[in-house]
Amino acid sequence: MKYTLTLSPDFNTKYLAGWFVLNTRLQKQLGLPLHLDLFTDFSACHAAIDAGKIDLIYANPADGAMLLREKQFVPVVHPRMRPDETIIAVPVDSPVNRIEDFRPDLRVAATDDPEINMIGQILLEPADITPADIQYQRCENYVLVAKALMNGQADAGFFLAETFAELSPTIRNRLRVILKSQIHVIHHLFLAGPRLTNQVDEIRQALLAMNDTEPGLLKEIGVTGWQATDAEEAEFMVDLMDTLVD
Amino acid sequence: MTLADLHGESGEEHWLTYYDGFRRRVFVTHREVPFPEGKLIVSRTDPSGVITHANQAFVDMSGYSEDELVGEQHYILRHPDMPAVAFKGLWDTISQGKKWHGYVKNLRKDGAFYWVYATVVPNIRDGRIVSYTSVRRKPSRRKIEEMAALYKSLLQEEQGNRQ
């Protein structure tokens, strides 16, 4: 039987090679026929999940919540000290200096990353801006979100903070951060699907062992290490996410 | 809460009676503490409302230490400007396993206050409510003004009914 590992489509493509190496390492250590299959957008990824084609996933928090509650996935690990935070940025010459300066009919450039957009909308609430007041310009990735701002096609952009920090200095200098969330407890999750439930302990141990044996590889996928995630910790994050969805 | 907690500010004395019959004297000032930008205040209680977890934003905003919060009823943050009916609605909703959200004026240990938009969800494990998670976020000033006026009229109604 072949098993499929995938990544939330919000992953940074500069880590692509690292993930292929990690897949190979896991395959050898576990003795499992593991195949890395990637999706360019969330709808294709969700379709594969719904079709039962995914066995291991490095999921964003919103998808992690859905997989835990609805698809019988089991938490394995999460990245150490790497919470998902959202940045709202504007063009550097924007008249906006704080959230309350934004007005309805706001043009927002964003990817289709669900929790980043959800947190972004929450951060706009103090300006009395609801999702109905936002005209979204959907972009395939965060570089295109930045370009939409620089080209004057959007008034504000939602970014995954880690990705914003990785934009080139030339791009970042043409943008200005209005607010960065400080939630600390929402992060990606590595989850195992129903066909691998019996191997969760082995998968977890293999990933945790990489903290000592493969620090270079972990750097190649943008994490400093893995931390075991127990069921209650994952449930707590899902409960927290649930409070954020009205 | 004692007068010493007010740190020299002038405060008005109120007696609060909670749903379990507990009575407590509190002092309130007119100082509002702004909600911390970009943060969420997170806490967890057991099914009877006793705080079991408080994040740093909650500790900072409440003015209490974590040790003073954990093990206490969540109602120690209750501000005398909040009508009882608001909390009855909260408990009626979450005890049925449903999500509740609303605007709340909270009382700090030092008598000052802060407004939040609060959401409370029941934590259901194996079909049973084992705890509640509450997340508070920054509300808009327009909403605060609307809710302050509504709560004032509800409170007057409640006080009128008691007389």
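**Figure 1. Lining of the largest pocket in the predicted model.** Helix α3(B) supplies the largest share of this lining, with seven residues. The model is predicted. The volume of the largest pocket is about 970 Å³. Its lining counts 46 residues, and B:Y18, B:R78, B:H79, B:M82 and B:F87 are the closest to the centre. Several elements of chain B each give two or more residues: β1 (12–17), β3 (41–45), α3 (84–94), β5 (100–107), β6 (113–125), β7 (128–137) and α4 (141–162). What classes of residue make up the lining of the largest pocket? It has 23 nonpolar, 14 polar and nine charged residues.

**Figure 2. The second largest pocket.** The volume here is about 560 Å³. The lining of the second largest pocket holds 24 residues. Nearest its centre lie A:P9, A:F11, A:T13, A:E140 and A:N141. By class, 10 lining residues are nonpolar, seven are polar and seven are charged.

**Figure 3. The largest cavity.** Two cavities of 30 Å³ or more occur in the structure. The largest has a volume of about 140 Å³. It is lined by 13 residues, and those closest to its centre are A:D10, A:F11, A:N12, A:Y15 and A:R82. A:F11 is also among the residues nearest the centre of the second largest pocket. Six nonpolar, three polar and four charged residues form the lining of the largest cavity.

**Figure 4. The second largest cavity and helix α4(A).** This cavity has a volume of about 100 Å³. The lining of the second largest cavity divides into eight nonpolar residues, one polar and four charged. Helix α4 of chain A spans residues 114–124 and is mostly covered, with nine of its 11 residues buried. The buried set is A:E115, A:I116, A:N117, A:M118, A:I119, A:G120, A:I122, A:L123 and A:L124. A:I122 and A:L123 are therefore buried, each with under 20% relative accessible area.

**Figure 5. The six-stranded sheet of chain A.** The sheet is open, and its pairing is mixed. In what order do the six strands run? The order is β2-β1-β3-β10-β4-β11. β2 (34–36) and β11 (226–228) of chain A are the edge strands, each pairing on one side only. From one strand to the next, the twist averages 25°. Helix α8 of chain A, residues 200–213, packs on this sheet. It touches β3 (56–59), β4, β10 (189–192) and β11 of chain A. The direction of α8(A) makes about 5° with that of β4(A).

**Figure 6. Strand β3(A) and its two partners.** Strand β1 of chain A, residues 3–7, pairs with β3(A) in the parallel sense over three bridges. There A:L5 stands opposite A:L56. With β10(A), the pairing of β3(A) is antiparallel and runs over four bridges. A:Y58 has A:F190 of β10(A) as its bridge partner. Where do the side chains of β3(A) point? A:L56 and A:Y58 point one way, and A:I57 and A:A59 the other way. All four of these residues are buried.

Figure 7. β4 of chain A covers residues 74–79. It pairs with β11(A) in the antiparallel sense, over three bridges. Within this pairing, A:V77 has A:A228 as its bridge partner. Strands of a sheet pair through backbone hydrogen bonds.

**Figure 8. Two loop residues with positive phi.** Most residues other than glycine have a negative phi. A:Q72 is not a glycine, yet its phi is positive, about 60°. A:Q72 sits in the loop between α3 (61–70) and β4 of chain A. Is A:Q72 buried or exposed? A:Q72 is exposed, because its relative accessible area is 54% and exposed means over 50%. A:H184 also has a positive phi, near 75°, and is a residue other than glycine. A:H184 belongs to the loop between β9 (175–180) and β10 of chain A. A:H184 is exposed, with a relative accessible area of 53%.

How values were computed: Residues are numbered from 1 along each chain as its sequence is written. Chains are lettered from A and ligands numbered from 1 in the order in which they are written. This is a predicted model: local features need pLDDT of at least 70, side-chain atom pairs count only at pLDDT 80 or more; totals for chains, interfaces and linings use all residues. Side-chain values use heavy atoms; hydrogens and water are left out. On a 1 Å grid over the protein atoms alone, a cavity is a set of points where a 1.4 Å probe fits but cannot get out, and a pocket is an open set with protein on both sides within 12 Å along at least five of seven lines; lining residues have an atom within 4 Å of a point. Grid points are joined across faces, edges and corners, and a volume is the space filled by probe spheres set on the points. Ala, Val, Leu, Ile, Met, Phe, Trp, Tyr, Cys and Pro count as nonpolar, Asp, Glu, Lys and Arg as charged, and the others, Gly among them, as polar. Two strands pair if DSSP finds at least two bridges between them. Axes are lines fitted to C-alpha atoms, for helices over the stretch in contact, and angles run from 0 to 180 degrees between N-to-C directions. Contact means heavy atoms within 4.5 Å. Buried means under 20% relative accessible area, exposed over 50%, partly exposed in between (1.4 Å probe, protein chains only).
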